[in-house]
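Thank you for making time for this today.

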Amino acid sequence: MAEGFDDVKNETFMRPLGGAVEFGELVLDALRREIREEINAEIIEPVQLGVLENVFTYRGDPGHEIVFVFDAKFANAQLYSRTSLPVREPVWNGPARWIDLSDPLPYALYPDGLTTLLETAV
């Protein structure tokens, strides 16, 4: 997960890495591209866990997104031994890091419904 900050709400939050599907792009291609762009890593064996519809407000602007949630493995298994991974996108506050859903979360986890989806997928 990576941390973001909404300066209008004064809220720090966490989200999984990822981003928008570009016109003409398949979801799996977008997933691979976004992970490559954000943390310079390749993924293998992606499995779709679910789809979430997210209506939200960020920095005072309304938003609406359809979020495809995937589980995947890193092609480079050494990445699992790192406590954090630098994120190369300016919208994130610091590195991506692993979180344990059985521990109390330090911040809200978005999109809404993600925690339940992840807990039921395990």
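This is a predicted model: local features need pLDDT of at least 70, side-chain atom pairs count only at pLDDT 80 or more; totals for chains, interfaces and linings use all residues.

Let me begin with a question: which residues make up the largest nonpolar core? The largest nonpolar core has 12 residues in all, namely Ala2, Leu31, Ile35, Ile39, Ala41, Ile43, Phe74, Leu79, Leu85, Val87, Trp92 and Ala96. The largest share of this core, three residues, comes from helix α1. A second, separate core has eight residues, among them Met14, Leu52, Leu109 and Leu118. By nonpolar core I mean a set of buried Ala, Val, Leu, Ile, Met, Phe, Trp, Tyr and Cys residues joined through side-chain atoms within 4.5 Å. The word buried stands for under 20% relative accessible area, exposed for over 50%, and partly exposed for what lies in between, with a 1.4 Å probe and protein chains only.

Residues are numbered from 1 along each chain as its sequence is written, and side-chain values use heavy atoms, with hydrogens and water left out.

Now to the overall layout. The protein has two helices and seven strands, and from the N terminus on the elements run β-β-α-β-β-β-β-β-α. The radius of gyration is 14 Å, close to the 14 Å that the globule rule gives for 122 residues, so the protein is as compact as a globular protein of that length. That radius is taken over C-alpha atoms, and the globule rule is 2.2 Å times the number of residues to the power 0.38. Helices (H or I, at least four residues) and strands (E, at least two) are DSSP runs, numbered from the N terminus. Of the 122 residues, 29% count as buried. Among contacts between residues at least 6 apart in sequence, 53% join residues at least 24 apart, where contact means heavy atoms within 4.5 Å.

Let us turn to helix α1, residues 27-39. At 1.5 Å a residue, its 13 residues should span 18 Å, and its end C-alpha atoms are 18 Å apart, which agrees; the expected span is 1.5 Å times one less than the number of residues. Which residues of α1 are buried? They are Ala30, Leu31, Arg33, Glu34, Ile35, Glu38 and Ile39, and what covers them includes β3 (43-58), β4 (61-74) and β5 (84-85).

Next comes a sheet. An open sheet of three strands has the order β1-β2-β7, with mixed pairing. Strands β1 (2-6) and β7 (108-109) stand at the edges, each with a single partner strand, so one side of each is left without a neighbour in the sheet. Two strands pair if DSSP finds at least two bridges between them. β1 and β2 pair in the antiparallel sense over five bridges, whereas β2 (residues 11-15) and β7 pair in the parallel sense over two bridges. Phe13 of β2 is the bridge partner of Gly4, and Phe13 also stands opposite Ala108 in β7. As for cover, four of the five residues of β1 are buried.

Finally, some backbone details. Most residues other than glycine have a negative phi, and most peptide bonds are trans. In the hairpin of β1 and β2, which has four residues between the strands, Asn10 takes a positive phi near 55°, and at 60% relative accessibility Asn10 counts as exposed. Asn40, which follows α1, has a positive phi near 55°, and Glu45 also has a phi near 55°, although Glu45 is found in strand β3. The peptide bond from Tyr110 to Pro111 is cis, with omega near 5°, and Pro111 lies in the loop between β7 and α2 (114-121).
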